[in-house]
Amino acid sequence: MRNFGYLLREGFRSVWKNRLMAAASIIVLTACILITGLAALVFINVNYVFEQVAHQNVVVVWLQRDVTDADIEAVGDELNAMSNVSGVEFLSKEEILDRYAKEMGSEELYEALKEDNPMQDSYIVTFYDLSLFEQTLDDIRDLPQTESIEAQTKLADQLSQLRNILMIAGAVVVVLLVLVSLFIISNTIKLTVYSRRLEIGIMKAVGATNFFIRTPFVVEGAVIGLLSALVAYLVTWLAYDRVMMLFGGEVIGMGLLSFQSMWWIVLLAYLAGGVLTGMVGSAISMGRYLKDEGGDPTL
Amino acid sequence: MIEFNGVHKVYDNGKKALDDVNIRIEKGEFVFIVGKSGAGKSTFLKLIMHEESPTVGEVIVNDFRLSKLRRRQEPMLRRTMGIVFQDFRLIQTMNVFDNVAFAMRVVGAKNREIHKRVPYVLQLVGLQDKMKSYPKELSGGEQQRVSLARALVNNPSLIIADEPTGNIDPTMSMEIMQLLVEINRLGTTVLVVTHAQALVDAFQKRTIQIKDGRVESDTPEGGVPA
Ligand SMILES: Nc1ncnc2c1ncn2[C@@H]1O[C@H](COP(=O)(O)OP(=O)(O)OP(=O)(O)O)[C@@H](O)[C@H]1O
Ligand SMILES: [Mg+2]
């Protein structure tokens, strides 16, 4: 591609020549990338906190007082067989009483209550997916040998809801913003196409291929996307660190992701998103123009 | 070589611009196309350039059968012809050299070729001293010579000019026409639409007269029969 240098230069030249329009679309596109990016980062962090809560969220399943050893084993098997259960640990009433007595610092207590143990056998259960929390609890409750369940359902529930809302709202917002970006870019390019229609007409007249005519405009779109992505990245970086400082790096006792741990993912995603949007936007308006004008060299 | 076989052209608005045109123009000919305003002269050229398609009939240009021309072949057809416009169509922000070089760049010529070919062509049209000038610093005749150089630079086998002298004064017009004749003498087929009867009379070249979309007369030795 010996002319690629020429086409690239033309693309950059065009951005500079139409710098006011370019600046306007860079601002809009930057805003779009920023909103999308920040929404994604919030979502990623909520998810991260959610995972931590999930791992810490321990449910205690108390068994009936009159369970036999066979019953205990059966419950254990049933729990292990549940697909959402990640960990099952048995805690016998003797162990519980023993721990309790040790905590109280009196061996006598253990001896005194051993014969008529007021404690209950129990299972400590952890889950994979907190969004299925309630469902799994119901399944456990349905086991005949369980008496009651002790769980911090509230937090898991709220987090799970927040995650769902964020996911849906985020998807809607992102789709809207992508459409807005494409619209803005294709209109900017339409203007530069319009201001260069004489050149395009001459190019068609002397036999330039559509590829050759289109490329500088696609480059122009890509440059706009690239610059927007870089600006958005810097703003994201600053904003993210500022917010992290505000929160002290954690919410509800759970750690948040540091920008350092994902800066290159953010940068790559921004660049890919910006450049792609820019190129697609200009390809749209170029395609329409070349089709409408039908290769008319005299316009 | 250009061939029109039973060509009719009716525009979308129902206007009939060409009516059963049958014409053959051989390689190396020089042809004037004359006729009143609205007769269909520009339509005739647009069919050759594949800017419009005939409603009925076949147009063949430089071995391209235009009814069978694929979109991606259009640039290849255009590279066989050089087009000169009445209003010059020069890019105001480029100097003379770049305006001509532009036509080579967009068809993928190497820099080395461009720097060899452009000065040569500019010398051919007598503008070797104006390479660094901008269009607005040139007279109409000079601007048309730049446009002619641009049409020539890719070495087309056919030059198409729609009223090339329509916007310039008579003496300059004569020079432009002499240039076209000179280019023709070097082997390029030349097609010129013009209203200037004096020029047609002066050069004694094949003249096709179009009237209401039909070929009214076609005289090999020039002039229009009374
Ligand atoms: N794109 C178009 N759509 C509809 N009608 C058209 C179109 N182009 C030309 N015409 C009509 O077709 C007829 C022939 O037009 P054409 O441009 O070929 O004439 P011409 O001989 O070049 O005239 P002039 O000497 O004024 O340039 C005219 O009546 C014109 O109005
Ligand atoms: Mg005309």
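Start by selecting B:Phe32, which stands opposite B:Thr207 in S9(B). What you have open is a predicted model, where local features need pLDDT of at least 70, side-chain atom pairs count only at pLDDT 80 or more, and totals for chains, interfaces and linings use all residues. Residues are numbered from 1 along each chain as its sequence is written, chains are lettered from A and ligands numbered from 1 in the order in which they are written, and side-chain values use heavy atoms, with hydrogens and water left out.

Now select residues 206-211 of chain B, which is strand S9. Helices (H or I, at least four residues) and strands (E, at least two) are DSSP runs, numbered from the N terminus. Five of the six residues in S9(B) are buried, meaning under 20% relative accessible area with a 1.4 Å probe, protein chains only.

Two strands pair if DSSP finds at least two bridges between them.

Next, bring in residues 214-219, strand S10 of chain B, which pairs with S9(B) in the antiparallel sense over five bridges. Zoom in on B:Lys211 and you'll find its bridge partner, B:Arg214, in S10(B). The two strands make a hairpin with two residues between them. Click on B:Asp212 in that turn: its phi is positive, about 50°.

Time to hop over to chain A. Pick A:Arg163, in helix H7 (residues 153-195). Is this arginine buried or exposed? It's buried, at a relative accessible area of 13%. Show its surroundings and you'll see contacts (heavy atoms within 4.5 Å) with, among them, A:Phe43, A:Phe50, A:Glu51 and A:Asp129, not counting residues up to four places away in sequence.

Last stop: show both chains. The contact between them takes 24 residues from chain B and 21 residues from chain A. Together the chains bury about 2100 Å², 57% of it on carbon and sulfur atoms; buried area is the accessible area (1.4 Å probe) that two parts lose on being put together, summed over both. On the side of chain B that touches chain A, select helix H2 (74-79) and helix H3 (96-105), the elements that give two or more residues. H2(B) gives the most, with five residues.

How values were computed
Buried < 20%, exposed > 50% of the residue type's maximum accessible area, 1.4 Å probe, protein only.
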